[in-house]
Structure formats: C-alpha cells, structure tokens
Amino acid sequence: MQAFLKGSSSQSTKPQKIKAAGPSGEKKQRPIPWVEKYRPKCVDEVAFQEEVVAVLKKSLEGADLPNLLFYGPPGTGKTSTILAAARELYGPELFRQRVLELNASDERGIQVVREKVKNFAQLTVAGSRADGKPCPPFKIIILDEADSMTNAAQAALRRTMEKESRTTRFCLICNYVSRIIEPLTSRCSKFRFRPLANDVQEERLLNICEKENIKYTKEAIQALVKVSDGDLRKAITFLQSVARLNGEKEITESAVIEIAGVVPSKLVDGLLQICYKGTFDKMEIAVKSLIDEGYAATQVLNQIHDAIIDASLNDKQKSAITDKMAEVDKCLADGADEYLQLMSLCAVIMQQASQSS
Ligand SMILES: Nc1ncnc2c1ncn2[C@@H]1O[C@H](COP(=O)(O)OP(=O)(O)OP(=O)(O)O)[C@@H](O)[C@H]1O
Ligand SMILES: [Mg+2]
C-alpha cells in the first residue's frame, strides 16, 4: 500500500516540475537543470518525431487516441512528448486527476497493476473541463520505463487494457521494445523515437545558448552533437556543464571534449599503433596510463571500436576483434576490472594484427 502512495505522489509532482520550468519558475530564479527548463511544453515543440506528433495532434483536435507504445534510445523525447500531450489535452488542473504516471522508481509489481492501475482505470470521467472546454472522455495511464516491469506485471495489464478501453488509454514507454511482451505490443500503436538528427540537435543547442547568453564556437556545438549520439538530453547536460565551468568565457571544442570524457583520439590511435606494431610491455604501459588518467573503459572501448571498423585489417581479423569487444562490453557492464578487460581486448587486437591475411 505504501507503494501505492508513493506512486500517486510522483504523479502529482510531475506537473509541478513542468510548472517550475515555466515563466513563474524563472521569476523566482530557481535553478533548474536545463533539460527540464527546455523540456517541450507542447507537442509542437517536440523536435524530429513527426509521426507521433501528427497522431497526437489529431487527438488534440478531438480524434480518439489509441493505446501507445513509445520506444527508442534515451533522450529522444518520449517522456516529454506524452507529458506535453497530456497537459495540452487536460490543462494543468485536470492533469492531476486524469493522468497517472508510473515510472521505474515506483513499485510496479503485479500487485500494483492489479490494484492501483486497475482502480485508476475504472474511474469514469466527464467529457469537459472545469473551464467548459471539451476534453477527451478518457484518462491516460503512462507507464514509463515499462521495460523494467516484470513479465507477470505486463501480463496482468493485458486484460485491464482491453476491459477499460472505454475510459482509459495506456502509454507504455521503453528503451528496449523487445522486453515488452508481444500481447501488449499488439494492443498498442507503436512509435519509434529516432535519435535526433545532427542539425535538429544543433538548432536546439543554439537556441538554448541564445536564451542563456552563452558564447560558443561553431566547432564546440558540433562537438556537443557528436559526443551525444542523438541523445539531446546528454547534449544539453554537457552544454550546461561546460557553460558552468567556463563562466563568461567562450565554449570551445576542447572544453566539450574534456567534459564529455572523450579520450583524445591521439591516445586511442597511439594505443592501437602499439597493438599493431609494438610490444606487450608497451601495450601494458599504454593501457595502464589510460586507466590511470581516469578514462572510462567503456568509452575507450567505443572509440577503439570505431577505429577498428575503419582500420585496414581484413574482415576475419575485424570480426574476431569485435567478437571480443562484445565480451568485454558485457564483462564491463557486469562490473569486471577495467584494466584487465582492456588488456584482454588489446591482447586480441595484437594477436590478430600479427596474423598476416
Ligand atoms: N524530440 C525532442 N524535442 C525537444 N526536446 C527534446 C527531444 N528529445 C529530448 N529532448 C530534450 O531532452 C530532455 C529529455 O527528454 P525525455 O525525458 O523526453 O527523453 P526520453 O526519451 O524519455 O529518455 P529516456 O528513455 O531516458 O527516459 C528533455 O527535457 C528535452 O529537453
Ligand atoms: Mg523517459
């Protein structure tokens, strides 16, 4: 039951958060992370996800809304989109009554689905707002980060979703759609959120720079886009960190690279050259110094990966190396020792490179 209460409090804090990002929040000068401050407040502000925006806009005009499933990589606007749409549909007051948001921080076991979700879904609703404006005669249940729900909890949703379809729409959000059970995906309209295109990200970042009065070089913005891989949240967070660090100074490319924890390509290339031509002892020293510098092994791994794909090795060598990379990646995710993992990868690269094609 405590989980029940926790869930409902998260539901009511969400709209407040959005409010704080609005003009009233700025008046009080409360520091808000820029990702929240510049979170889209209406569906029109959502960039790059035209398909889903079109569907949501139809329902804002009065058409029915299907059950939705949003999936895609982090920081592409999934949560923002549905929150913005819900706010537009219901207005700030009804929002709290009509929208139930549960995310991975709430208890979402089978019990909660059976009680909380079902009870909320069963409430009937009127088709107009207090201010007389029409609003859709249904509620929305947002299950954010649904890929972390257990299969049993997902299964418990199946019947509820069908039975309450007259009064409730579900919006499931996840990063990995393969973790959502088939019967649920088949009940929803699926929308893939694509990583944001570089120019779209650039435009957003420039917009923020302008509003925050930040000086920048063009290369710095390009570097931000590059290091964030289509994840706008990451790009904005980096931008804010660099801006704080730099103070009044102009943001430069090297400052971005530094803060993003990208390993300078000189070091990665150096390490690979040693693997190709050097000795094991030198390799050991190079790996050790990388780790001692504090670079994350996963970052080094990603950069080595890009370099290996472009390297002039033959296909067999590349496939053996990338096979090892997958293993190292898994081990790192499981918490293995960074130094040993990088050493084992470099050893395989060395071994492969020494075999002539
Ligand atoms: N398509 C977009 N249009 C405008 N802003 C975006 C977009 N995508 C991401 N953002 C920015 O990134 C922040 C995070 O977006 P959001 O929380 O919607 O990501 P998400 O897709 O839900 O990610 P996660 O899978 O990690 O939950 C937003 O506050 C917003 O500033
Ligand atoms: Mg989200």
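How many bridges join E1 to E5, and in which sense do the two strands run? Four bridges join E1 to E5, and the two strands run parallel. The model is predicted: local features require pLDDT of at least 70 and side-chain atom pairs count only at pLDDT 80 or more, whereas totals for chains, interfaces and linings use all residues. Residues are numbered from 1 along each chain as its sequence is written, chains are lettered from A and ligands numbered from 1 in the order in which they are written, and side-chain values use heavy atoms, with hydrogens and water left out.

**The sheet**

- Five strands form an open sheet in the order E2-E3-E4-E1-E5, with parallel pairing. Strands (E, at least two residues) and helices (H or I, at least four) are DSSP runs numbered from the N terminus, and two strands pair if DSSP finds at least two bridges between them.
- Strand E2 (99-102) and strand E5 (189-192) stand at the edges with a single partner strand each, so one side of each has no neighbour in the sheet.
- From one strand to the next, the twist averages 15°. Axes are lines fitted to C-alpha atoms, for helices over the stretch in contact, and angles run from 0 to 180 degrees between N-to-C directions.
- E2 is joined to strand E3 (residues 139-143) by four bridges, and these strands run parallel. Glu101 has Ile142 in E3 as its bridge partner.
- Helix H5 (residues 78-98) packs on the sheet and touches strand E1 (68-71), E2, E3 and strand E4 (168-174). The direction of H5 makes about 135° with that of E2. Contact means heavy atoms within 4.5 Å.

- E1 pairs with E4 in the parallel sense over four bridges, and Leu68 stands opposite Cys171 in E4.
- Towards E5, the bridge partner of Leu69 is Lys190.

**Helices H13 and H15**

- The axes of helix H13 (residues 265-277) and helix H15 (residues 297-310) come within 10 Å and cross at roughly 60°.
- That angle makes H13 oblique to H15; angles under 35 degrees count as roughly parallel, over 145 as roughly antiparallel, 65 to 115 as roughly perpendicular and the rest as oblique.
- The crossing of H13 and H15 is right-handed, meaning that the near helix is turned clockwise from the far one, whereas in a left-handed crossing the near helix is turned anticlockwise by less than a right angle.
- H13 contributes Val268, Leu271, Leu272 and Tyr276 to the contact, and H15 contributes Gln303, Ile304, Ala307 and Ile308.

**Cysteines**

- Zero disulfides (pairs of cysteine sulfur atoms within 2.5 Å) are found in a search of the whole structure.
- The cysteine sulfur closest to that of Cys275 belongs to Cys346, and at 4.0 Å it is too far for a bond.
- Cys275 is buried at a relative accessible area of 1%, and Cys346 is likewise buried, at 1%.

**Glu45**

- Glu45 lies in the loop between helix H3 (34-37) and helix H4 (50-60), and its relative accessibility of 33% counts as partly exposed.
- Not counting residues up to four places away in sequence, Glu45 touches Arg39, Pro40 and Arg204.
- The C-alpha atoms of Glu45 and Ala84 are separated by 8.9 Å, and the two residues are 39 residues apart along the chain.

Conventions: Buried means under 20% relative accessible area, exposed over 50%, partly exposed in between (1.4 Å probe, protein chains only).
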